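Notebook open, structure loaded. I want to jot down what I look up as I go, starting with the aromatic rings.

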Amino acid sequence: MSSMRPENQSSVSKFLLLGLPIRPGQQGMFFTLFLGMYLTTLLGNLLIILLIRLDARLHTPMYFFLSHLAFSDISLSSVTVPKMLMEMHTWQHSISFVGCISQLYFFILFAGLDNFLLAVMAYDRYVAICHPLHYTTIMREGLCVLLVAASWIISCGSALLHISLLVRLSFCANNVVTHFFCDLTVLLKLSCSDTSLNELVIFLEGRMLLFLPLAIILGSYMRIGTIILRAPSIKRLLKAFSTCGSHLFVVSLYYGTLASVYFLSSSWDSKDIIASVMYTVVTPMLNPFIYSLRNTDIKQALEMFVNRVNLFKWKSLNPLIADKSTVRYMS
């Protein structure tokens, strides 16, 4: 009868997250720091989404993809940072088994979505520079929606695959997660079951879904570089940099920190945790600034948005005068 027992039952009902390697006396300082970074991530990315939504000049494929990247960045930070902040504030480091699995699912989903959206944006930049005359016909609305939908579907499928294999495992005694969130590789080390299938899937599927978008990005920029170098000029170089510079910087930041976590280190230590903080906290916070500081369209949309807000406030404070001068102000 013992052979009839399901093997996917786990005696562990919760996990203990060790969190960041921070001294007790520094908890308050780091809590304030990460809270400020998280709020900046929320406000910055929400502002990007709002500006793209309100300004008709930003209803183009590039900004369509950027709005989805901003949403994905908000979601990726929201999966890990609020829990980390709560642990710092309350000293409660436990997370339920279901909560841990849910956190891991959404982390894989939005990390993968970021990965694919960066590849889609690289392809968009390739078409814009290498096929400018056919850009509107190639990057039509239907194709843009299809590319984003495919990114969501593949990311969801990847997350479901890893979670389905993980819940089959047993966690018998050790429930201490040496991280600030439920990371897949750390959880596999805690299992008392055979994890060879999980590791094989991570090696094959994980690397395929990582290197395929990376290959698209590298291929797009190699092609862009080839086109530019055929007839090099300062004007073309400046135009290419203004078009691709922000995206290249984000790609370098994202893949650089990701590689340092999963490929360049042999053991999980404080350096890996710092790198994880980079791509789960810092990169989503920096993306709105990177994409807006050198972007004239975003700056103009922000200026128009501020003017609208000021006009609304002015009309609220001066209801009798506003009706007579609104037309002149808007013109």
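Before anything else, my rule for ring pairs: rings of Phe, Tyr and Trp (its six-membered ring) pair if their centres lie within 6.5 Å. Also a reminder to myself that this is a predicted model.

**Entry 1: aromatic rings**

I searched the whole structure for aromatic pairs and got 13. Then I looked at one of them, Phe107 with Phe181. The ring centres sit 4.6 Å apart and the planes are at 40°, so I logged this pair as tilted. Where do the two residues lie? Phe107 is in helix α3 (residues 97-130), while Phe181 is in the loop between β3 (176-177) and α6 (184-190), so the pair ties together parts 74 residues apart in sequence. I checked burial too: Phe107 and Phe181 are both buried.

**Entry 2: α2 against α5**

I took helix α2 (residues 61-90) and helix α5 (residues 141-166), whose axes come within 10 Å and cross at roughly 20°. Angles under 35 degrees count as roughly parallel, and α2 and α5 are therefore roughly parallel to each other. I noted the crossing of α2 past α5 as right-handed.

Sorted by class, the contact of α2 with α5 comes out as nine nonpolar residues, one polar and no charged ones.

**Entry 3: Ile228**

I picked out Ile228, which I found in helix α7 (residues 196-230). Is Ile228 buried or exposed? Its relative accessibility is 7%, so Ile228 counts as buried.

**Entry 4: the whole chain**

Last, I stepped back to the overall layout. I count 11 helices and three strands in the protein chain. Reading from the N terminus, the order is β-α-α-β-α-α-α-β-α-α-α-α-α-α. The protein chain has 331 residues, and 45% of them count as buried. For contacts with a separation of 6 or more, I noted that 78% are between residues 24 or more positions apart.

Notes
Residues numbered from 1 in each chain as written. Predicted model: local features only at pLDDT ≥ 70, side-chain atom pairs only at ≥ 80, totals over all residues. Heavy atoms only, no water. Axes fitted to C-alpha atoms, helices over the stretch in contact; angles between N-to-C directions. Helix = DSSP H or I, 4+ residues; strand = E, 2+ residues; numbered from the N terminus. Parallel < 35°, antiparallel > 145°, perpendicular 65-115°, else oblique. Left-handed = near helix turned anticlockwise from the far one by under 90°. Nonpolar A, V, L, I, M, F, W, Y, C, P; charged D, E, K, R; others polar. Phe/Tyr/Trp six-rings, centres within 6.5 Å; stacked < 30°, edge-to-face > 60°. Buried < 20%, exposed > 50% of the residue type's maximum accessible area, 1.4 Å probe, protein only. Contact = heavy atoms within 4.5 Å.
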